[in-house]
Amino acid sequence: MEYCFNTNIDIWGTFKALTPYILALIVLVIWHWQKGKEVIANESKETIKNLLQIRELSINLIHNKFEDKTEIIKQLSEFKEKSESIYRSILFLENSKMVSGLDFLHKQYYVTYVDIYHPIDISINKVDIDKIKNIIKNEKNISNLIIFNNTCSEIIKILYPYSLYKFNLKAHRRTAPHT
């Protein structure tokens, strides 16, 4: 028995047949990478906007720009909602493994937010407006507000390049979630 193998491979025909698949794979990889950059950039932009708004709210708290309890309650609830939204965004960006430098800052952000929010929230229904203003104006709370604003500024500095697509995202390997 004889076996005959054809070694005459049509290279040009094979190339023409595989070219669309190779190009599709290249386009998919590039699109996937760009989409990742776009998601991080959009989340960074939104977080920066919220950080700037929360800094304004905290400055209003420091300078007591309110007349009655309802204004304080309104500003405090807005402060809480924005802070929690920002915290979730920071966690998302940090857990994406594409943005570096947020690991310590997200903890500091949350701790100072809690240190500012809870003393005012606990006392708001128990005391009158003058005592609330005194609680806000006490030295510890003002120092927490300063730390909070500085932390917000540091987070903005880290996220700014990402929001403008000026920063290369770190390549990362996907791993299975821990169970």
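A residue is called buried when its relative accessible area is under 20%, exposed when over 50%, and partly exposed in between (1.4 Å probe, protein chains only). The model on screen is predicted, so local features need pLDDT of at least 70 and side-chain atom pairs count only at pLDDT 80 or more, while totals for chains, interfaces and linings use all residues. Residues are numbered from 1 along each chain as its sequence is written, and side-chain values use heavy atoms, with hydrogens and water left out.

**Whole chain.** Start with a cartoon view. The protein chain has 5 helices and 0 strands; both kinds of element are DSSP runs numbered from the N terminus (helices: H or I, at least four residues; strands: E, at least two). Of its 179 residues, 32% are buried.

**Leu-18.** Select this residue in helix 1, which covers residues 11-62. Leu-18 counts as partly exposed because its relative accessibility is 44%.

**Lys-35 and Glu-38.** Stay on helix 1. The side chains of Lys-35 and Glu-38 form a salt bridge, 3.7 Å from N to O; the term means a side-chain nitrogen of Lys or Arg within 4 Å of a carboxyl oxygen of Asp or Glu. Lys-35 and Glu-38 are 3 residues apart in helix 1, so about one helical turn separates them.

**Glu-154 and Lys-157.** Move to helix 5. Here Glu-154 and Lys-157, 3 residues apart, are about one turn of the helix from each other, and their side chains meet in a salt bridge of 3.5 Å, N to O. Glu-154 is partly exposed at 36%, whereas Lys-157 is exposed at 59%.

**Helix 1 with helix 5.** Show both helices. Helix 5 spans residues 139-163, and its axis lies 9 Å from that of helix 1 at an angle of about 160 degrees. Axes are lines fitted to C-alpha atoms, for helices over the stretch in contact, and angles between N-to-C directions run from 0 to 180 degrees.

**Asn-64.** Last, select Asn-64 in the loop between helix 1 and helix 2. Is Asn-64 buried or exposed? Asn-64 is buried, with a relative accessible area of 16%. Lys-133 is 69 residues away in sequence, yet its C-alpha is 6.8 Å from that of Asn-64.
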